[in-house]
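This report takes a single protein chain from its overall make-up down to individual side chains. Please keep the sequence and the structure at hand while reading.

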Amino acid sequence: MAFEIVKAPTAFALDPSSKATARIKDERHLAWIRTLPSVISGVFGCEACHIRYGDPMYRKKRTGKGQKPDDCWTVPMTPDEHREQHSMNEKAFWDAQGIDPLRIAHALYAISGSTEAAIKIIVNARMR
């Protein structure tokens, strides 16, 4: 006697969201990120840069072309640094910097709006 076990399509996925899942937008957080110094150089005049690669440790799914991750996955970078990030393999870019951008983005979102705490996070990230 044969039988079939029916599983949901997300049964073994770490993140059950799909392309149809709306991303979480937070314009207030993005505006605040733009006021901070660059996580790479410490220079002001930054853009809010989304981290696209995924990492199961942070329950962050990878986003493909034409998709943006949730706004909580952003770090401040100068326009030139941001362009360089997108000109190559993103994970390799961050590895070369010696910075874990997902850890920083997560920490910044947890204290969103607190500039003094954010500057400490950014300075510590650059010292590693």
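## Burial and exposed surface

A residue is called buried here when its relative accessible area is under 20%. By that criterion, buried residues account for 35% of the 128 residues in the protein chain of this predicted model.

## Architecture and confidence

Five helices and two strands make up the secondary structure of the protein chain, and, read from the N terminus, these elements follow one another in the order α-β-β-α-α-α-α. Of the contacts in the protein chain that link residues at least 6 apart in sequence, 68% join residues at least 24 apart.

The mean pLDDT of the protein chain is 86, with 80% of its residues reaching 70 or more. Among the elements, strand S2, residues 74-77, has the highest mean pLDDT, at 98, whereas helix H5, residues 115-127, has the lowest, at 91.

## Helix H3 and its buried face

Helix H3 spans residues 90-97, and within this helix Glu90, Phe93 and Trp94 are buried. Viewed down the axis of H3, these buried residues fall within an arc of 90°, and they therefore line one face of the helix. The partners against which the buried residues of H3 pack are both strands and helices, namely strand S1 (47-50), S2, helix H2 (79-86) and helix H4 (101-110).

Both ends of H3 also show local features. At the start of the helix, a side-chain oxygen of Asn89 comes to within 3.0 Å of the backbone nitrogen of Lys91, while after the helix comes Gly98, which has a positive phi, near 70°.

Leaving aside residues up to four places away in sequence, His82 touches Glu47, Ala48, Cys49 and Met77. With one of these residues, Glu47, there is also a polar contact, made between the side chain of His82 and the side chain of Glu47 at 2.5 Å.

Notes: Residues are numbered from 1 along each chain as its sequence is written. Side-chain values use heavy atoms; hydrogens and water are left out. Helices (H or I, at least four residues) and strands (E, at least two) are DSSP runs, numbered from the N terminus. Buried means under 20% relative accessible area, exposed over 50%, partly exposed in between (1.4 Å probe, protein chains only). Contact means heavy atoms within 4.5 Å. pLDDT is the predictor's confidence in each residue, from 0 to 100. The arc is that of the directions from the helix axis to the C-beta atoms. A polar contact is a pair of N or O atoms within 3.5 Å; within protein, one must be able to donate a hydrogen and the other to accept it, and residues adjacent in sequence count only if both atoms are side-chain atoms.
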